[in-house]
Every structure is written in C-alpha cells, then in structure tokens.
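Reader: I would like to learn how to read a few features in a protein model. Can we go through them one by one?

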Amino acid sequence: MDGGQLNDQAGAARTLCLIGCGPRGASIVERILANVPALYGGRPLDLHVVDPCPPGAGRTWRTDQPELLWMNSAAEQVTMYPDESVDCAGPPRPGPTTATWLGSPLHDGAYAARRDQGRYLRHFFETVTRELPPGVRLFVHRARAVDLRRTGGAGAPDGGGRQQVVLDSGEPPFLADRVVFAQGHTPVLAEPVPAGLTRIGPGPADPDALERIPPGAPVVVRGLGLVFIDCLALLTEGRGGRFVRAPGGTLRYLPSGREPRLYAGSRRGVPLPPKPAYPAPAGAPAPPAAPRFATVEGCRARLSAPGASFGREVWPLVVAELGWWHYRALFAGQPGRTRTTWQDFDAQYALLLTDPDGLAKLARSAVPDPADRFDLDRLAAPLAGARFDGTDALQRRLRGHLAEVLRRRTGPARGVETALVDGLQRVGAVIEELWRSGDLDADQVAEALERFALGTYLSSGPPPLRAAQLLALAEAGIVTFVGPGMRVEAVEGDGASGGAVFRASGPAVPGAVHEAAVLLDARLAAPASDRVTDPLLRALFARGELSEDGAGGMPQLSGAGLHPVDASGAVHRDRIVAGPAQFPRPGTNAVYFRQNDALARLLLTDE
C-alpha cells in the first residue's frame, strides 16, 4: 500500500512509523510483522514506512549503482532472514542468503555487486510484506521526513501523546504513536574550502562527483578504507583502465591515460587488509558459536564494579579472546610451527587470561617464530614510528607490506587470518550488544568505539582481488602513499603553481609535500549534530529533543530500548533510534536479529 492512500486512523489500536527503510528498517518491519499474531491478534495496526529510496535497499544499496561497486562481505555470509539459531522471543523466518538468492557468478568468486545486494534487499521487503497479518495496514511513503511534532505540546516525552510526521512530498502529515529512526549513516555538511579548490566527500563514493576530476590531475586522498577502494575502481577501471595477469600470476594495471594521480594517506597510513579468501582452507577449525572469554555475561560482570572503565575491565578480555582465536587456528592448521599440544596450551592460556606478561611468556615458549605470535599492536599500526629517506623508500615499504598481507590472507595458511576476522566479528557483536543494551555509559561507549576501531581496520577490508588491484595501481604509479599521520591543509595563494592548493604531508617522510587542487575525502563522515544534513534530525537537535552523547556527535540513548534522551535529560520512550549495523551472518545467533526482535516487541507492547 503506498503513501498516496489516505491514512484513516479511526479505530486503530496503534500506529507505528519507521523513518528510513534500508536493511535495518526493513528487518524491524519483518520482526514487527512476525510478532504481530502472538502479541496483537487481529487488532488494527497501521505501519508507516518513510524513505525516499526503495524500501529494503535504502540509499546505500540503491540498484542504480555502477557494477564496479562491490560488497565487502562474502554473499554466502549475508542474510536478512532470522533462522533457527536466533535466540529471540519472536518466531524465526528462514530464507536465502544473498548468494543463494542471486544464484549467479559472484565477483572474486564470493562477492556481490552492491546493486545486486540492493535487489536482494528489495525482494526481502516485498516478500515479508506481501501477506500482512490480519488487522495490519502498511503505508509506504516515498518521501523524506522533515519534522516530528508532538500533538500534546512541548512535553509528553513519556509516550503519553501522539506525534505528527511531516513529509517533504506534500502529503498531509499523519499521526503516529511510536516512531523508529533508522536512517543509517547520515550525511553531514562538508567544511568550506578556499576559492579555486574542490573538495569531494566525505561520504560514500559519488560517481558523478568523481567524473569532474580531470584526467592526469593530482588529487590528495584522505582515507584508505572501503570508500577509497570504491573510488579507485571508478577512477581506474571506470575510466577504461584494465587489470591483466602477467606471467606468474601477478596482477598488472594497463592505464587508459584518463586516470588522475592519487596521493593517499590516513591516520594509520596503510590500507585495510583484505578479507581472507573465501572459503576457509581445508582443515581449518570451525569457528566457535560464541566468544569463550569476552562474553556478554563476563563483560557485564566486570562492568558492574564501581568506577569500571571499558579499557581496564573489558579490553583485556577482548585482547585475550582475539589471541585465543589466533592460536587455536595456528595449532590446528600449522602444528609444525608450535612446540606443545593445543590441549596444554589452551589450559594454561585460560589460567593466565588476566596476566598479559604470563600470556606473552606462554606464547614465547610454545610458538618459536615471533611472526607467528599474536601481536595486536603490530597488526593495528604496522608503520608506527617508521621514518624513510624519501617518498620512493616509503612506496617500496608499503608495496611490500601490501604483498605480504595479501599472501597471508589468500595463501594456504590463511586459517589464522580467517580466525582473527571471525573472532573480531564475534567480539564486535558483544561490544555492540553491551552498547545497545545500555551496559556502557557515555564515557565507556566513547572509549569502546575508539579502542575497537582496530576491529574495523582488521576485519572490514575489501575483497582480496581489490587489494591485489590496489597493489598493481601502486606499482603503476597511479597511487602514491603519503604514510601514517597524514596532515592536509588548504593553502591560499602560495602553492607551487601560485594558486590555492591542498597540501598533504606526514612524519614518515620528513619534508615531503604533495599538492593538489582537489581533495577527495574518501571516508564516511563522522557524526556531528551541528552539521547534519537530515532535516528531521536537524530540527530535533535544534529543539533539544535529541542530545549528543560522549561518542562523537551521536544521539544520546537510554537503555536497551534505544530511546533518545533530550537536552533536559528526559527519555522519549515513544521514539527509538536504531543505528546502522553490519549485515548478520546465517547460523550465528546474530545480535542484529535479537535486537531487532526485541525492538519490534517493544513497539507492539506497552512495556
């Protein structure tokens, strides 16, 4: 049912509204519909979905994107259907993974194009809404919500009144009892730049904006993550360049002559490691269903101590957990590189869990080669403190680093890297559950996000083929790395050409400077309430109905219900802020589904 039909609310027991219907919103819709028969019977319920983009796909997974933009999760490891493994109160709804539904060859053997994932998401939404439970009416508004006004005046944050949803489409506003915000990553206004300079981003790769970069033009690039990889594909293959296999299997890049010259850096100065080649090598142990040490219960117990901090109480469990996954895979896949049995090592490891020095000593005695030992600091910052005689020396080091990482993550011994990525995803789910359940206060959330940024770096990289292509582009001179700690400043009128320039430099190569008239901010924008472009969020922040928490511009939330807290400290229990989340894996009791099920049941009840 589309939003053009009149919302006649006479007799409706409840009206729910979801603002934003990408994957997160679509999953909450599915959980609402799955729970209605048991919780609501045949009573009337109106469900409104508001999104200018097609429901399911949303903005990020639009089906009109270039084929060159890929997912970074193996399609067989992505599902929108909560299966029997999900421990939640609502009923399961088994369904296909992305790979099964597509049923066609995938990029790099395992990865779907982003637009094909969008088709899967749209099909999911259409499937789960095709037959509605008795009493339910669905209204889909292809519009943007621009305001949310309480009918009971300025107060009633406790859910005692109704809310008027205002759209930009010209449709009459409609009333809702409860509202879910599921807009995903919200864009922010870019910082202004001097006249004569061009800044693209921050935000997802924008094909139209990238087309405006002239062939051969120097470009300073800030960010070496997934947005950078997308931009690379559009600026190279998207401009007619080709990758070919040289004798011996090495990938080479044949330029078209239309590529710009990219000077790229970031805080770490190295690109994200690629996802390990899928599937895991033969003989690799199956990943445990849940963490062994850094469990939700274990972390909660530590956080319950007076004055507990995330770094002091939880982070040591996280590090020990990741080390355990690393060594478990090493002993199983490469026993010749160890000196003891896994059973003995495992038993001693558990006893030394809270003793970092003891764990290090155990690793030295059982694993002879230091390169085989778990070293989170080395993994997190491979170029920390490094200095080079010149730009060429830095390029040689980084190309060698990229080749070594690619070998570790695609070779026959990749089981250790696969285990680390699996462990990071399981631990990341625990941290998210602690956060979304209200177990972490604002300061603990900020520290958790800062510390676990390395989880994104180590586990959220591109497909292996994209990493091999980046190495080929570096060898072809299309990409020049600036190194860690890159600084970018806009300089007016005294660049090498006499005009304004962006100037990039870094401590790895003292004195080296790279200048360009174009800055590509190849990263997602950090949350910032004073620069958010979403008109609804901007209005709510301006009126004080949303307030920032201590985690860098995100709305302050209260408890597992994810209710926003306003500037006065009042909790708006008839509103829910469901932030973006990674796609769930099938068969893993994913926190994504458990959380969405709990939110759906909260929307349908008066608890």
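Predicted model: local features only at pLDDT ≥ 70, side-chain atom pairs only at ≥ 80, totals over all residues.

Reader: Which domains does the assignment give?

Author: The domain assignment gives domain 1 (14-184 + 578-604), domain 2 (198-207 + 216-272 + 464-521), domain 3 (296-460) and domain 4 (525-570). The centres of domain 2 and domain 4, taken over C-alpha atoms, are 34 Å apart.

Reader: Now a helix. How many of the 8 residues of helix H16 are buried?

Author: First the general idea. An α-helix has 3.6 residues a turn, so residues three or four places apart point the same way. Now the case. In helix H16 (residues 535-542), 6 of the 8 residues are buried, so the helix is largely enclosed by the rest of the structure. The buried residues are Pro 535, Leu 536, Leu 537, Ala 539, Leu 540 and Phe 541.

Reader: What covers the buried residues of H16?

Author: The cover includes four strands: S1 (14-19), S4 (145-150), S7 (178-181) and S20 (575-577).

Reader: Which residue caps the N-terminal end of H16, and what follows the helix?

Author: Asp 534 is the cap. One of its side-chain oxygens lies 2.9 Å from the backbone nitrogen of Leu 536. After H16 comes Gly 544, with a positive phi near 80°.

Reader: Next, strands. Which residues of S7 point one way, and which the other?

Author: In a regular strand the side chains alternate between the two faces of the sheet. In S7, Arg 178 and Val 180 point one way. Val 179 and Phe 181 point the other way, and all of these residues are buried.

Reader: Do S1 and S7 run parallel or antiparallel, and how many bridges join them?

Author: S1 and S7 run parallel, joined by 4 bridges. Leu 16 has Arg 178 in S7 as its bridge partner. S7 also pairs with S20, again in the parallel sense, over 3 bridges. There, Val 179 stands opposite Arg 575 in S20.

Reader: On to charges. How many salt bridges are there?

Author: Side chains of opposite charge can pair when their charged atoms come close. Here the count comes to 32 salt bridges.

Reader: Which residue meets Arg 337 in a salt bridge at 3.1 Å, N to O?

Author: Asp 369 does. The pair links distant parts of the chain, 32 residues apart. Arg 337 sits in the loop between helix H7 (310-333) and helix H8 (342-351), and Asp 369 in the loop between helix H9 (356-366) and helix H10 (376-380). Asp 372 also forms a salt bridge with Arg 337, with the closest N and O atoms 2.6 Å apart. That pair spans 35 residues, with Asp 372 in the loop between H9 and H10.

Reader: Is Asp 372 buried or exposed?

Author: Asp 372 is buried, because its relative accessible area is 13% and the cut-off for buried is under 20%. Arg 337 counts as partly exposed at 35%, and Asp 369 is partly exposed at 29%.

Reader: Which residue forms a salt bridge with Arg 503?

Author: Glu 515 does, with the closest N and O atoms 2.9 Å apart. Arg 503 is in strand S15 (residues 501-505) and Glu 515 in strand S16 (residues 514-516), 12 residues apart. Arg 503 counts as buried at 19% relative accessibility, whereas Glu 515 is partly exposed at 22%.

Reader: Which residues are linked in a network of salt bridges?

Author: Asp 147, Arg 149, Arg 543, Glu 545 and Arg 575 are linked in such a network.

Key. Residues numbered from 1 in each chain as written. Heavy atoms only, no water. Buried < 20%, exposed > 50% of the residue type's maximum accessible area, 1.4 Å probe, protein only. Helix = DSSP H or I, 4+ residues; strand = E, 2+ residues; numbered from the N terminus. Contact = heavy atoms within 4.5 Å. Polar contact = N/O pair within 3.5 Å; in protein donor to acceptor, adjacent residues only side chain to side chain. Domains from an automatic or database assignment. Salt bridge = Lys/Arg side-chain N within 4 Å of Asp/Glu carboxyl O. Pairing = 2+ DSSP bridges.
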